[in-house]
Amino acid sequence: MPSIKDDIAETKSNIRATANGDAIDVSSYRTGMVALMATLTGAPTSPTLDVSMETSNDGTTWRALPTAWAFSQLTTTGGAMKQIPPDTIGRYIRLVYTIGGSGYVSLTKTWDVVVRLVMSK
């Protein structure tokens, strides 16, 4: 029976600009899913949040995964899941958060993100 890892891998609060997520070590797992839940706070005019994945063998040098592994753009509170492509990733993955749209003049208009990692050995 496969061993399952089901963890909250990262939480990011008050994202106001493009930011990198934490390095998540996935070396002991074969396959899995990344689930993303983003909450928009404040009332920006036309907010967008783009989330893509990168991979690294050493946690220092990162390369983007193909755009097919990116999450669909969010314009309001929402969530999504993506399968991790086991044959194309290194030891680590991380998410890259890109904020766009308009109306981010106030510090009260931000994105909060929770990332859940579900993987099997």
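**Entry 1: terms and the overall fold**

Before naming any strand, I note that strands here are DSSP runs of E with at least two residues, numbered from the N terminus. I also remind myself that this is a predicted model.

I started with the secondary structure and found zero helices and nine strands in the chain. Reading along the sequence, I wrote down the pattern β-β-β-β-β-β-β-β-β. Next I looked at burial: of the 121 residues in the chain, 39% are buried. For contacts with a separation of 6 or more, I noted that 84% are between residues 24 or more positions apart. The accessible surface came out at about 6400 Å², and carbon and sulfur atoms hold 51% of that.

**Entry 2: Thr55**

I then went to Thr55, which sits in strand 5. Is Thr55 buried or exposed? It is buried, because its relative accessible area is 2%, and the cut-off for buried is under 20%.

I wanted to know what the Thr55 side chain reaches. One of its polar atoms lies 2.6 Å from the backbone nitrogen of Gly90. The Thr55 side chain also comes to 2.9 Å from the backbone oxygen of Tyr92. Leaving aside residues up to four places away in sequence, I listed the residues that Thr55 touches, among them Thr61, Trp62, Arg63, Leu65, Thr88 and Ile89. Gly90 and Tyr92 are on that contact list too, as is Ile93.

**Entry 3: salt bridges**

How many salt bridges does a search of the whole structure find? I got two. As a reminder to myself, side chains of opposite charge can pair when their charged atoms come close.

One of them joins Asp25 and Arg91, with the closest N and O atoms 2.9 Å apart. This pair links distant parts of the chain: Asp25 belongs to strand 3, while Arg91 is in the loop between strand 7 (78-84) and strand 8 (92-102), 66 residues apart. Asp25 counts as partly exposed because its relative accessible area is 29%. Arg91 is partly exposed as well, at 39%.

Arg94 and Glu54 form a salt bridge through their side chains, at 2.7 Å from N to O. Here too distant parts of the chain are linked, with Arg94 in strand 8 and Glu54 in strand 5 (residues 46-56), 40 residues apart. Both Arg94 and Glu54 are buried.

**Entry 4: Ser28**

Ser28 lies in the loop between strand 3 (24-25) and strand 4 (31-41). I put Ser28 down as partly exposed because its relative accessibility is 42%.

**Entry 5: the nonpolar core**

Last, I looked at the largest nonpolar core, which has 25 residues. Which residues have the most contacts inside it? They are Val34, Leu49 and Tyr97. Strand 4, strand 5, strand 8 and strand 9 (110-120) each supply at least two residues of this core. Strand 9 gives the most, with five.

Not counting residues up to four places away in sequence, Val34 touches residues including Met53, Phe71, Ala80, Met81 and Ile84.

Key
Residues numbered from 1 in each chain as written. Predicted model: local features only at pLDDT ≥ 70, side-chain atom pairs only at ≥ 80, totals over all residues. Heavy atoms only, no water. Helix = DSSP H or I, 4+ residues; strand = E, 2+ residues; numbered from the N terminus. Buried < 20%, exposed > 50% of the residue type's maximum accessible area, 1.4 Å probe, protein only. Salt bridge = Lys/Arg side-chain N within 4 Å of Asp/Glu carboxyl O. Core = buried A, V, L, I, M, F, W, Y, C linked by side-chain atoms within 4.5 Å. Contact = heavy atoms within 4.5 Å. Polar contact = N/O pair within 3.5 Å; in protein donor to acceptor, adjacent residues only side chain to side chain. Areas by Shrake-Rupley, 256 points an atom, 1.4 Å probe, with all protein chains shown as cover.
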